[in-house]
Amino acid sequence: MAKRRLMPLCALVCFLFAGLLTKLDAQEDCAQGLPADIYFLVDSSWSMGQENFEYVRQFLYRVVKALQQGGGSRFKFALVQYSGSPKTEFQLNTYQSFREVLGHIEAMVYRGGGTRTGLGLDFLIRAHLNAASGSRASDGVAQVVVVLTDGRSQDDVAEPAQVLRLAGVEVFAVGVQDAVDWELSEMASEPQDVHVFSVDTFTALAGIIQDLVVGLCGAVTLAGGGAPVALTAPMSVEVRRLAGDVTAQESADLVLLIDGSENVGAANFPRVRDLAIRIIQGLDVGRDKIRVAVVQYGADPEIKIYLNSYENKAAVLDAVKALTFMGGDEANLGAALEEVAENLLSQVAGGRAEEGVPQALVIISAGPSTDDTGAGDRLLKQSNVITFGVVVGAEATAELETVTTDKSFLLSAPDFSAVAVMGDQLLPYINGVAQRTIVVQNEFTEAFEVGNRDIIFLIDSTMGATIVNAIREFIKKFVQTMPIGPGGVQVGVAQFSNTPRSEIDLNAFGTKEDLIAALGRIKPKPGQVVNIGAALNFVRTNMLREEKGSRIQQGIPQLVLLMTSKRSSDSVEQPSEELQRMGVLTLAAGSKTADEQELKRIAFAESLVFMFKDFRILIRQPKLLVSPLSTLTGVVVTEGPTEPVVEITTVQTQRMVRDIIFLVDGSSYTESNFRYVQEFIAEVVNRLDVRPDRVQIGLMQFAENPKIEFYLNTFSSKQDVLNSVSQLRGVGGSILNTGAAMDYALANMFQASAGSRKRQGVQQVLVLVTGGPSQDQVKRIADKVALAGVLTFTVSSGQADSVLMKSVAFVPNLAYHESSWTGLANVVEEIMTPLITVVGDTDVTEGGVIEEVTGGERDVAFLIDGSDNVRADFSYIRDFILKVIEPLDIGLDRVRISVVQQSERPTANFYLNTYQNKDEVMRAVNSLTPAGGRSLNTGVALKFMKDTILSEKHGSRAAQNVPQFMIVLSGSKSKDSVKESAVALKTDGVVPFGVGVKDADRKQIEAISHNPSFAFNVKDFSELSTIPQKLNSYVSLPKEQLQEVLLKGKTKPISFCVLI
């Protein structure tokens, strides 16, 4: 029947293809003789299926053959399959003959997996759009991508699509069946009516071949034969111009600040580098002439060349030619501007501002900044640095207009193919700076009339160097405008994370100059969690004291400005009330994840709470805080600070005993977001009772190879763990062997010598945190880890495969995936309860050890297929049960057995407490006959097992800590969903095994099972005899090993249920 269905389709395809060739032959030549590199990115996910993949293969074959007919050897082809992870089928330069290309397509194997189109596009950019893979883009050859997908992507396609657009790549999007129109439009080039194709079925692909090929030929023609792209001409420059030279010869300090993030992308970076080379080639570079520095920025700025690194142009050019793409999702232009202002234009770095040499900055950007640019912009303007910009695409234009010294100093290019000529337009400006014909001066005037006051700045030191340094600069500028001294304004500074410390006391410095110098010496200290309550107490009891300079007894207003980016891990209510009772005016400023409601409880009044997107805005708009700091007076209570009270402020923790290993992805996939990983781990650790007799923490990193950071027994206190976490640095690398890392952790971290208390019955937990796709076998290792009694949680983001992570986790609902790394803060709240309750109840005694299971007691319940479908093979099912229970020590005080049949509804043959001994049970099994029924509703049956069979009324001893086993056997697919009922069983501590025969659905059997290793599938009922021995290896485990299996359970003792 399949052949009869395919015959008309084949005829239709051949007919359409014949028509297509006729049309192509009628043309003078496809693409008017121009060459092209054509890349096919093809979805091969599970949703497509093998049969539909055959249509895709035919579609590719015919499109490629038609293009070859029209373009000949001028067209080169590459092919990538993608699903959960991409795979190169062949590159542009893999095959020399067209016949080999078609042969590969004919033999191409369907892969299956998820649908991660964004990852596929990114892979195509990185692995194929380069000269090493055969791309001829540098020779001006048109680059064309055809994406074919049958569903909505599980990741974001916008960013890689933008990279392709900016690179001048023509993108065609072909959607089939469940493909999403807006996503196709997001990927495709303009005009969309030419570049987007959508069909309802795979058979309909044949009908678009002709239009697609004609569109491809037309795109190549336009890309290669059109007029040069016109660039926006610069506007007239209206700045102050001086006649004559200031110095004897032309000179300038020039900094090239290059976007090295994914805004540019690896494929386009050579063009940006060529622009830098072209600029330098047109300048008179030398030690006493124009000096050149280069900075590349992503998440952090990296100074590649200082102004005094090289003496001549040739050396500078060689260094620039050697630049490589740094990559990363973040483009923190703000931090880069600050780096230029603070560290690159100074005398020690080769800057000559003190000699009167003008300084200029050229920013080359292809996307918006991921941080605030205000602080760096202001620093540069204050230093009279003249800023120019080159922007590719439209996204960053508005932002760069505010950063460049004048709007006319911003040059725009529509895509990267047009970047090269921008150098010629920039040179007149740069030479104008060197010749002193372009001079820009900025003036800033600030003055405040301020009364006497004592002000303490209380700074969250976990915000990172960039933010803390910006706050430090804000305070310095504030001090410059204040009448500093014992008779005027006094300033103190404290920093805090989980513990506070004083940096500057109120009476430490009597002059503005000394205070500013001291502020310059303040450095941020690492940390991940904040205890604001403890910090407020510290200020009250240690800094607002007469011997530390406080003038509270003299009625001088006392102000405290709290600046934080996090929610407190301790209570803030009592410390805040104590300060208010003293009459202290507390102001609270927050950003990022700071809790505004919490800050309102801290502040003296709600009007004194200030929320900022980024504290660096204070450099540009200091009056937001300077005004209240300068004018508030308040009512001072002169009773003075109370004596310090011995008060322990701790985070509320759960009483538990547990060994937890964090397995952390330290590869390039997490590099730019590693701080979010650190914060996540620190927040979790801070909520646990870490000490040798309760919770122990170990940590490993991994990329291509694993690296142990510390063992379970390395640290005995929470603070030591947190300090180590705060100092972590990613190991780097683009290869991610997750499976090997899990195996290494099992062999090296969960051992007694490393601090594991597994033999004492303590729960073993692995928390995997990853941001990339595993490049080795991870599912098999995850099963191995589960069998060893280790409970795995997965926390993922970025390019990690969320579907795979669900199979890696001990059960799917212990897998947490966030689309954005910033979302890990939400995971902390979600994971804590499962981490300490759902996965396993420690239920410790005072000694801290889980109560042991005594003897060989266990409850074993069979749920077998009793439908009409298995009637002819029911004898095999009886024999299977007999072989499983034969070695067991059956009795009411030892092993109890129950048998239930499933069809449309469950039928109990006997309960756990029906029979007294093995003989009675064996006779009952031998007399079993099928209950009958047309189909299976296994989900309903599983619920019956949980609510009825495994209840105390019907003989379950779960309440007595007796293990509960369930064995579920099915010969066909269930008509209802099994997932919810299976999860409910596992959550109750039941450990199910699944046995699938004949037409049973493999995925359902795995979903029912405790983990995939507990699922068994055979083709025929006669093969059931191979399974009992495997089941017995679990059901009849000795007491010590059984305890390890018990630790896989949840809040209740483990029950084992076998589905048949």
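Here's a quick tour of the fold, the nonpolar cores and one of the sheets. Keep in mind that this is a predicted model. The protein has 1060 residues, and 58% of them are buried. You'll find 34 helices and 31 strands in it.

**Overall picture**

**Nonpolar cores**
- In soluble globular proteins, nonpolar side chains tend to be buried together.
- Here, the largest nonpolar core holds 63 residues. The members that touch the most other members are Phe457, Leu458, Phe478, Val479, Val491, Phe615 and Leu625.
- Helix α15 (residues 465–480) supplies the largest share of this core, with 7 residues.
- Leaving out residues up to four places away in sequence, Val479 touches Ile484, Val491, Lys512, Leu515, Ile516 and Leu519.
- There's also a second, separate core of 47 residues, including Leu166, Ile277, Val285 and Phe388.

**A six-strand sheet**
- This open sheet has mixed pairing, and its 6 strands come in the order β3-β2-β1-β4-β5-β6.
- β3 (86–90) and β6 (196–199) are the edge strands; each has a single partner strand, so one side of each has no neighbour in the sheet.
- On average, neighbouring strands of the sheet are turned by 15° against each other, direction ignored.
- Strands β1 (residues 36–43) and β4 (residues 142–149) run parallel and are joined by 7 bridges.
- If you want a spot to look at in that pairing, Asp37 stands opposite Gln143 in β4.

Notes:
Residues numbered from 1 in each chain as written. Predicted model: local features only at pLDDT ≥ 70, side-chain atom pairs only at ≥ 80, totals over all residues. Heavy atoms only, no water. Helix = DSSP H or I, 4+ residues; strand = E, 2+ residues; numbered from the N terminus. Buried < 20%, exposed > 50% of the residue type's maximum accessible area, 1.4 Å probe, protein only. Core = buried A, V, L, I, M, F, W, Y, C linked by side-chain atoms within 4.5 Å. Contact = heavy atoms within 4.5 Å. Pairing = 2+ DSSP bridges. Axes fitted to C-alpha atoms, helices over the stretch in contact; angles between N-to-C directions.
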